[in-house]
Amino acid sequence: MEEIKKAIVEFAESSKKTKFYFKDIEKAVQKKIPDAKAREIKKACTALINEGTLIYFSTGSSTMYGLKGRGITEDPS
Amino acid sequence: MAFEPKEPQKEIKYQELRIYSDEELNNYTEEELKQFKIKHDIPDVEELEKGPWPSFVADAKREALRRRKLADDRMLIDRDVVEDMLGQLQLSFDDGETHWKHGGIVGVFGYGGGVIGRYSDVPEKFPSITAFHTLRVNQPASKFYNTDFLRSLCDLWEYRGSGLLNMHGSTGDIILLGTTTEQLEPIFYELTHELQQDLGGSGSNLRTPSCCIGKARCEFACIDTQDLCYELTTYYQDELHRPAFPYKFKFKIDGCPNGCVASIARADMSFIGTWRDEIRIDQEAVKAYMAGEIEPNAGAHKGRDWGKFDIQKEVIDLCPAQCMELDNGELKINNQECVRCMHCINVMPRALKPGKDTGVTILCGAKAPILEGAQMSTMIVPFMKAEPPYDNIKEFIEKVWEWWMEEGKNRERLGELIQRFGLPKFLEVVGLPPAPQMVKIPRENPYIFWKEEDVPGGWDRDIKDYRARHKR
Ligand code: HEM
Ligand code: HEM
Ligand code: SF4
Ligand code: SF4
């Protein structure tokens with residue numbers, strides 16, 4: 001779990017983008033930890049959300065994740 | 001089995017939760033309403049009041065007037081929000097484009113859905129709606145409320161929001177339209193702690209499941225739609241609130257093929273109650289219908305004189321499966337051929353009833369035309385029992401999700417994924433044999449690809465044996 005969380009944060013910090021689909025995160029984590037399962041990655045994302053490290057970004061129809069304080073603010077534009 | 005909430009539910013009493021007095025709730029007269037002008041000129045918006053139907057514009061003006069007259073400390077967001085909302089709508093008519101900015105990071109803590117960020121892109125003109133977020137509230141199964149609940153909800157929303165709401169959005173949720181970012185957490189707290197109602201789904205997650213009225217009032221219900229809806233809602237809380245799907249996913253549940261929530265057209269996974277034994281026939285009642293003693297369709301079409309009820313013309317000849325006949329005054333049904341269209345049962349509900357061995361048909365893949373064209377769900381599971389705790393249904397759901405989460409592209413609905421891979425692949429994923437009922441149109445793809453395990457002997461052959469018979 002801690003290892004997956006670390007991989008998520010590293011990916012979110014190093015990526016050029018500021019918003020990620022869950023699938024982007026999943027792929028990035030599995031590159032580092034090939035046997036990480038989608039369910040575990042989701043749990044790690046939820047934990048990071050609850051810790052306040054990650055935040056959700058929602059358009060209403062789809063949802064993305066972002067690193068708190070990096071690039072995305074409350075303003076949608 | 002009777003409906004059993006998982007936690008004891010407290011009784012919601014408006015007298016304990018109310019925020020406004022009767023005087024505050026009735027704080028203007030109809031005369032005042034007639035004289036009332038909002039602070040913006042909205043000629044095109046007012047056109048919408050002129051048709052024969054009730055208009056949200058008329059309702060919004062009432063709300064604007066009430067807010068004008070409430071005391072300052074009786075509303076926690078700007079009193080002008082309704083007037084500014086109407087003003088901005090007029091500006092959109094003038095410009096032919098929307099002035100709402102959509103989306104963002106607003107939400108309540110830990111939830112990835114239920115709040116949809118909305119901002120005005122002309123806040124200098126309409127300052128009160130600079131932030132005007134929408135909340136989706138998970139409606140109770142079949143939308144049963146009592147007035148204590150509704151009044152408490154409306155008071156809460158008047159106090160902490162715009163007072164504008166929509167019963168119900170097309171997903172089924174109660175839609176609370178317009179509040180500021182600061183009010184989101186307090187509203188969420190009161191909704192969950194006082195009103196015992198959760199937020200619904202939005203974004204890339206399981207959307208709020210919804211169902212028809214089912215066994216609560218409808219004798220056609222083949223399954224307990226409310227129980228299944230409640231079970232799926234509570235069991236899949238994580239999927240509802242913490243988005244990790246490629247895109248949205250909807251469950252809708254109809255108690256019978258009449259399809260009152262139109263699950264076949266509106267859900268990624270549609271559950272439709274059905275039966276696998278025989279339509280129950282009460283021959284005496286059939287005779288009573290034929291003799292004109294019982295009104296067909298329970299009197300639903302009696303506004304006009306259709307002449308004497310003719311069972312041959314109105315029922316038997318209209319059976320899409322042509323599987324009914326009258327034999328010496330006895331109605332016979334060849335149930336093998338019946339397609340469960342419900343027509344005969346709808347016309348003669350006192351004579352015909354769905355069978356007793358009931359369950360669900362599960363269909364997958366309906367969607368609106370956003371990325372690809374619109375489509376209806378395709379029948380995947382012809383029949384499955386639907387009884388608590390619904391383990392068989394959950395097992396099916398999870399197989400589908402696993403595949404979609406693995407293979408689905410960002411923003412690809414299940415129906416589009418099935419189209420991309422083909423139905424045979426999907427059937428393989430869920431482990432079901434193809435059935436004729438899945439075929440919508442005659443085959444249009446001329447190719448058949450055999451799998452090695454389907455071919456006797458597989459791909460290997462004895463080349464010497466072959467060459468003994470075929471020269472190079
Ligand atoms: C019992 C004998 C034969 C069978 C069962 C047979 C079967 C086929 C089949 C199934 C196709 C594909 C059709 C399509 O997918 O559109 C085909 C195409 C073709 N066959 Fe045969 N064939 C036979 C004999 C022959 C012979 C003797 C020749 C030439 C001397 C031949 C030349 C071709 C050609 C050129 C095509 C391609 C035609 C096109 O695509 O327009 N076939 N054949
Ligand atoms: C400039 C000359 C030619 C042109 C532009 C041409 C064009 C084509 C085209 C467009 C196809 C259809 C491909 C497909 O839909 O999959 C085709 C198929 C075919 N052509 Fe030609 N062709 C030419 C010369 C020839 C010659 C000289 C022969 C035989 C001696 C020939 C034999 C065939 C055969 C057997 C097929 C069927 C192949 C298959 O379906 O697998 N073609 N050709
Ligand atoms: S779908 Fe069937 S069971 Fe449900 S309310 Fe409609 S007629 Fe009744
Ligand atoms: S339900 Fe429809 S298909 Fe079945 S017997 Fe009645 S009319 Fe025919």
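This is a predicted model: local features need pLDDT of at least 70, side-chain atom pairs count only at pLDDT 80 or more; totals for chains, interfaces and linings use all residues.
Which residues does L48(B) touch, not counting residues up to four places away in sequence? They are S55(B), F56(B), V57(B) and F93(B).

**Chain B as a whole**

- Chain B contains 18 helices and 15 strands.
- The C-alpha trace of chain B spans about 95 × 70 × 50 Å along its principal axes.
- Of the 472 residues in chain B, 49% are buried.
- Taking the contacts in chain B with a separation of 6 or more, 66% are between residues 24 or more positions apart.

**The loop around L48(B)**

- Look for L48(B) in the loop that runs between α4 (43–47) and α5 (56–69) of chain B.
- L48(B) has a relative accessible area of 39% and therefore counts as partly exposed, since that class lies between the 20% and 50% cut-offs.
- From L48(B) to A58(B) is ten residues in sequence, and their C-alpha atoms are 8.8 Å apart in space.

**Helix α8 of chain B**

- Helix α8 covers residues 184–193 of chain B, and its buried residues are L184(B), I187(B), F188(B) and L191(B).
- Viewed down the axis of α8(B), these buried residues fall within an arc of 100 degrees, so they line one face of the helix.
- What do the buried residues of α8(B) pack against? Their partners, in chain B, are β2 (115–116), β4 (134–137) and α7 (147–160).

- In chain A, helix α2 runs over residues 22–32, and its buried residues are F22(A), K23(A), D24(A), I25(A), E26(A), A28(A) and V29(A).
- The packing partners of the buried residues of α2(A) come from two chains: α1 (2–14), β1 (19–20), α3 (38–51) and β3 (63–67) of chain A, together with α15 (391–407) of chain B.
- V29(A), which sits in helix α2 of chain A, has 0% relative accessibility and so counts as buried.
- Leaving aside neighbours within four places in sequence, V29(A) has contacts with I4(A), A7(A), I8(A), A36(A) and I41(A).
- V29(A) and F11(A) are 18 residues apart along the chain, with 7.8 Å between their C-alpha atoms.

**Ligand 4 and its shell**

- Where does ligand 4 sit? The space it takes is the largest cavity.
- Around ligand 4 you will find C319(B), P320(B), C323(B), M324(B), I333(B), C338(B), V339(B), R340(B), C341(B), M342(B) and C344(B).
- By residue class, the shell around ligand 4 has ten nonpolar members, no polar ones and one charged one.
- M342(B) belongs to the loop between β12 and α14 (343–347) of chain B, and its relative accessible area is 2%, so it is buried.

**Other backbone features to look up in chain B**

- N328(B) is also a non-glycine residue with a positive phi, here about 55 degrees.
- N328(B) is in the loop between β11 (324–327) and β12 (330–333) of chain B, and with 79% relative accessibility it counts as exposed.
- A cis peptide bond leads from M167(B) to H168(B), with omega near 0 degrees; H168(B) is in the loop between β5 (165–167) and β6 (174–177) of chain B.
- P388(B) and P389(B) are also joined by a cis peptide bond, with omega about 0 degrees; P389(B) is in the loop between β15 (378–384) and α15 of chain B.

**An exposed arginine**

- Is R217(B) buried or exposed? Its relative accessibility is 69%, so R217(B) counts as exposed.
- R217(B) is part of the loop between β7 (210–211) and α9 (225–235) of chain B.
- Between R217(B) and R62(B) there are 155 residues of sequence separation, and their C-alpha atoms are 34 Å apart.

Notes. Residues are numbered from 1 along each chain as its sequence is written. Chains are lettered from A and ligands numbered from 1 in the order in which they are written. Side-chain values use heavy atoms; hydrogens and water are left out. Buried means under 20% relative accessible area, exposed over 50%, partly exposed in between (1.4 Å probe, protein chains only). Helices (H or I, at least four residues) and strands (E, at least two) are DSSP runs, numbered from the N terminus. The arc is that of the directions from the helix axis to the C-beta atoms. Contact means heavy atoms within 4.5 Å. A residue is near a molecule or strand if one of its heavy atoms lies within 4 Å of it. On a 1 Å grid over the protein atoms alone, a cavity is a set of points where a 1.4 Å probe fits but cannot get out, and a pocket is an open set with protein on both sides within 12 Å along at least five of seven lines; lining residues have an atom within 4 Å of a point. A molecule sits in a cavity or pocket if more than half of its atoms lie within 2 Å of its grid points. Ala, Val, Leu, Ile, Met, Phe, Trp, Tyr, Cys and Pro count as nonpolar, Asp, Glu, Lys and Arg as charged, and the others, Gly among them, as polar.
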